[in-house]
Amino acid sequence: MAIAKAERLMNLALCLLGARRPLSKRELRESIEAYLEAGSDDSFNRMFERDKDDLRELGLVIETVENLDGEVGYLARRDSNRLPPITLDAEEAAALGLAAKVWQQARLAGAASGALQKLRAAGLPEDVDPYGAHSALEPRIPVHEAAFEPLMLACRDRRPVLFDYRKATAARPEPRHVEPWALECWRGHWYLAGFDRDRGAERVFRLSRITGRVRARGTGFTAPVPDVVTVRETVASWAGEIADRSALIRLRSGAGYPLRAKAVKVRELGDGWDELEIPYGHGLDAWLVEFGPDVVVLEPAELRADVVDRLRAVAKG
């Protein structure tokens with residue numbers, strides 16, 4: 001979800017929860033900055049109706065009330081939307097603690113730490129230490145790129161940016177003028193999705209290919225920000241990982257959890273091996289090679305041949 005929409009939904013929810021009487025569309029529009037910036041009444045009405053439906057889908061109980069003059073108002077009563085007391089078992093508390101640990105290296109580490117303190121007050125057991133050095137799981141979202149922080153702030157503040165970017169197939173970096181929408185981590189790499197002003201279209205940039213400093217360039221966007229920014233899907237399609245058929249592999253028991261997460265079918269073979277049916281698209285051979293001797297491709301034959309060729313190339317150095 002784009003940051004702008006998340007903020008808009010939060011402001012609408014706060015208005016509805018804080019009101020002592022039903023609020024009309026006109027009053028809500030005057031109270032929320034994003035609605036004031038809507039270009040027309042039709043644009044505002046469409047935005048408001050979508051936001052109202054989204055809040056209801058998220059669980060907020062919104063009442064529609066008609067007054068004596070026939071004007072429709074909206075209200076979210078606190079007693080109808082009050083959460084029950086928070087109780088967390090050990091597994092739930094550990095999962096939430098691990099989520100806080102993910103941001104340990106990023107700028108949000110302070111906010112994550114504060115949230116963890118609130119979780120402890122709400123029932124997080126004292127013996128669950130998400131920052132301990134001997135946890136069974138050690139999740140990380142690495143944030144080594146210098147471009148991460150300025151781009152994160154630019155996404156939040158909706159500020160266009162300028163940076164030099166070197167494509168994988170290019171010898172030199174080129175300047176890019178971008179309206180940043182969202183940052184997302186995929187397979188250990190950070191990507192920025194946004195509107196490329198020079199090319200007049202949506203683009204996705206890998207942060208490790210940004211050279212030099214990220215500079216802010218003016219204010220205001222020229223292109224609409226989509227409600228859903230599909231960073232991972234875009235990168236996957238460029239990497240040739242959109243599946244159009246199936247492959248059958250043998251996988252060593254207790255190994256290859258990313259493959260198991262994608263499996264359509266899993267069958268135990270015994271002797272420490274399982275048989276998996278997984279989606280197959282261009283690029284799967286390179287991924288399977290990463291699992292080394294824990295994976296054996298059964299079919300199709302061309303995928304098996306591609307994996308064998310890659311393994312032989314690795315063995316030859």
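## Lining of the largest pocket

In this predicted model, the residues that line the largest pocket divide into 12 nonpolar, 10 charged and four polar. The pocket itself has a volume of about 790 Å³, and of its 26 lining residues, those closest to the centre are Ala4, Arg8, Ala34, Glu37 and Arg158.

Several helices take part in this lining, with at least two residues supplied by each of helix 1, helix 3 (33-36), helix 4 (41-57) and helix 8 (148-157). Helix 1 gives the most, contributing six residues to the lining of the largest pocket.

## Lys5 in helix 1

Lys5 has its place in helix 1, which spans residues 3-18. Its relative accessible area is 9%, and because the cut-off for a buried residue is under 20%, Lys5 counts as buried. When residues up to four places away in sequence are left out, Lys5 touches Asp51, Asp54 and Asp227.

## The chain as a whole

The secondary structure of the chain comes to 12 helices and 12 strands, and buried residues make up 35% of its 317 residues. Among contacts in the chain with a separation of 6 or more, 54% are accounted for by residues 24 or more positions apart.

The chain exposes about 18900 Å², of which carbon and sulfur atoms supply 52%.

How values were computed: Residues are numbered from 1 along each chain as its sequence is written. This is a predicted model: local features need pLDDT of at least 70, side-chain atom pairs count only at pLDDT 80 or more; totals for chains, interfaces and linings use all residues. Side-chain values use heavy atoms; hydrogens and water are left out. Helices (H or I, at least four residues) and strands (E, at least two) are DSSP runs, numbered from the N terminus. Buried means under 20% relative accessible area, exposed over 50%, partly exposed in between (1.4 Å probe, protein chains only). Contact means heavy atoms within 4.5 Å. On a 1 Å grid over the protein atoms alone, a cavity is a set of points where a 1.4 Å probe fits but cannot get out, and a pocket is an open set with protein on both sides within 12 Å along at least five of seven lines; lining residues have an atom within 4 Å of a point. Grid points are joined across faces, edges and corners, and a volume is the space filled by probe spheres set on the points. Ala, Val, Leu, Ile, Met, Phe, Trp, Tyr, Cys and Pro count as nonpolar, Asp, Glu, Lys and Arg as charged, and the others, Gly among them, as polar. Accessible areas come from the Shrake-Rupley method with a 1.4 Å probe; for residues, only the protein chains shown count as cover.
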